[in-house]
Structures are given as C-alpha cells and as structure tokens.
Amino acid sequence: MIYTLTLNPSIDYYVTLPEVHLGEVNRIEETTERAGGKGINVSIVLREYAQETKAFGFIGGTTGDFIKKSLVDHGVHTDFVEVNGNTRINVKIRAKEETELNASGPNITERELELLTAKFDQVQEGDIVVLAGSIPSNLPDSLYRTIAESIREKGADFVVDTTKDAMLEVLALEPLMIKPNHHELGELFDTEIETFEEALPYAEQLVKRGAKNVIISFAGDGALLVNKDGAVTANTPVGKLVNSVGAGDSLVAGFVANVKEKGEQEAFRYAVTTGSASAYTFGLCSKQEIDRLIDQVQLTPLKRMEETT
C-alpha cells in the first residue's frame, strides 16, 4: 500500500478567463472544481498506475464530503479524520498569468491530531508513505518527524515533499526520496542554483545527511537524480505547458509507483515523464499520456565539474 498524507486538503476551484483586471468586473469563461492538496494529487495519479493507495488527512463539512467522494470515484481508499469547520476552497485563476488564492484551513484540535497519528498504525513493512505539503501553523512543527519515526519503526519507507525546515528535520531518518526544485535547493544552502552542475554538490550533501534519493526539478529544463550510486539527469519530453498545479505531485507519484519494481533510475525517468504529462494537461495526467511521452525521456550520467577537468 502507498499511503499519502494531506494535512490541509482543499477544493481547488479553477477559473479561466483571458485576463484579470483588478478593481473591475471580470467575466469567467470556464470553471472546474477538483479535490486538491499535494498528497491527494499523488494518490489520484497513483491510481493511473493501478497502485493501491489510501489518503490520510483532515476534512470537514460539505467541502470535505466533496473531496472524499472525488477520491472514491478515482478508486482511492480514504481514512480521514473528520473535523469541525469546512475544508478550505482555493481559487486557481488561469489567465495570461496563473494566480492562486489559497485559504486557511480549519483549526485542528489536540484530540483530532491524536486520531490522525494513530492511523499510521496501519502501516506495515514494505509500504510507502508520502508526506506532502507544508505543516499548518496550528500543528506542531515536528509533526512530520514524529510520523516518520513511527513509519521507520514499522519497516516502511517514506517520501517527504515539504518546506525547508520540516524537510531538513527528517533527513536523518533516511527518506526514500525528497524533491526540492532548484530554487528551493538554493534556499536550503543560501545560494543561487541555475544548472545541474551547480546543484550536484548540494544534492550530494543531502544524500550524506540521510536522503536515499534526491530529485531536483528544473521545470522545463529537466531534473537531476542524486543518490549513493551517483547522479543522472533527465530531459523533459516535448509538450506545451498548460498547467503547473500538480506537476510536482505527479513527479512524486511517478517515482513511488515504479521504484520497487523498476529501480531508482527508471523510476526517476517515469517520475519526470509523469510530472510533464500533468504539466501538459488541464488537470492531472492519464496513464495514456505518460505512455505516449515516456520514450522521449532519456537519462544522462552527470559528473562533478572537477571530475571532467
């Protein structure tokens, strides 16, 4: 089983219009509502790979009911903690530029948090747990570390895709994979990173600190995988960017769906393909689109600059 955790799910309300003019009436051309949240996106894409997946998190109210139904319709198992208050609604504006209006979620009580952490008792050896998204301000900063410790005790693996401090706190627990983009990697080390070669020594430091696999995404310029066996880069397949929301989550899903059967490098190739497939789709990708693009993605070994001189 692949479990996902989304601490602050949402309904993502997409509105499409040519341009946004502040202070004026704007006419929307199209609207779409989808269950949102990083872990939820991972679970939905995992179902395209026919992977069994269960979503954990907090939901509440009629908006929470919408999310649960949407996941069930996709074949995702759910085991949420029901809370007082409504799950949030985020507005995603698609115009000449993409704009996001993200709301705060409901307040979580100490008892509700206890109910959530108890759900990880289901995790067994060989499972993978994806901890995705930032930790809301009303929850303990150490929450991911607490959950990761429980996962490791059970002999399971975990992936973490979160903000700087929460990610650094779990490195010593040897996450199966972490996924900062090149800007986030630069923020971790107080520098600017623009190329694979510049990223490599910093990604290697994260491996030394415990991460089994580090994937650094460079948007349309491809991605870099670094682990104890070395480093490889992947190009992105040809396509037109339609939607950046969920592309990183799709990359995570592509990796965890394939890593145990195909190995780390081939899982990386599928990860980049899956992320691109979602970026080229209005919504999240289909397996058909992944299969169409996979042959375009090639891996190239990368050596440190001093090794090539």
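Asp190 sits in the loop between α6 (182-188) and α7 (196-208), where helices (H or I, at least four residues) and strands (E, at least two) are DSSP runs numbered from the N terminus. This is a predicted model, in which local features need pLDDT of at least 70 and side-chain atom pairs count only at pLDDT 80 or more, while totals for chains, interfaces and linings use all residues. Residues are numbered from 1 along each chain as its sequence is written, and side-chain values use heavy atoms, with hydrogens and water left out.

Although Asp190 is not a glycine, its phi is positive, at about 55°. Asp190 is also exposed, with a relative accessible area of 73%; here buried means under 20% relative accessible area, exposed over 50%, and partly exposed in between (1.4 Å probe, protein chains only). Ala50 is exposed, and its relative accessible area is 59%.

Turning to the chain as a whole, the secondary structure comes to ten helices and 15 strands. The C-alpha atoms fill a box of roughly 60 × 50 × 40 Å along the principal axes. For 309 residues, a compact globule would have a radius of gyration near 19 Å, and the 19 Å of the chain agrees with this; the radius is taken over C-alpha atoms, and the globule rule is 2.2 Å times the number of residues to the power 0.38. Of the 309 residues, 52% are buried. Among contacts (heavy atoms within 4.5 Å) with a separation of 6 or more, 66% join residues 24 or more positions apart. The accessible surface is about 14400 Å², and carbon and sulfur atoms contribute 46% of that area, as given by the Shrake-Rupley method with a 1.4 Å probe, where for residues only the protein chains shown count as cover.

Helix α9 covers residues 264-279 and has 16 residues. From its first C-alpha to its last, α9 reaches 22 Å, close to the 22 Å expected at 1.5 Å a residue; the expected span is 1.5 Å times one less than the number of residues. Because 13 of its 16 residues are buried, α9 is largely enclosed by the rest of the structure.

In an unreviewed entry, UniProt places the feature "domain: Carbohydrate kinase PfkB" at residues 19-286; UniProt positions follow the numbering used here, feature names are shortened, and annotations may be inferred rather than shown by experiment. The span of residues 19-286 is 38% helix and 21% strand, and its end C-alpha atoms lie 29 Å apart.
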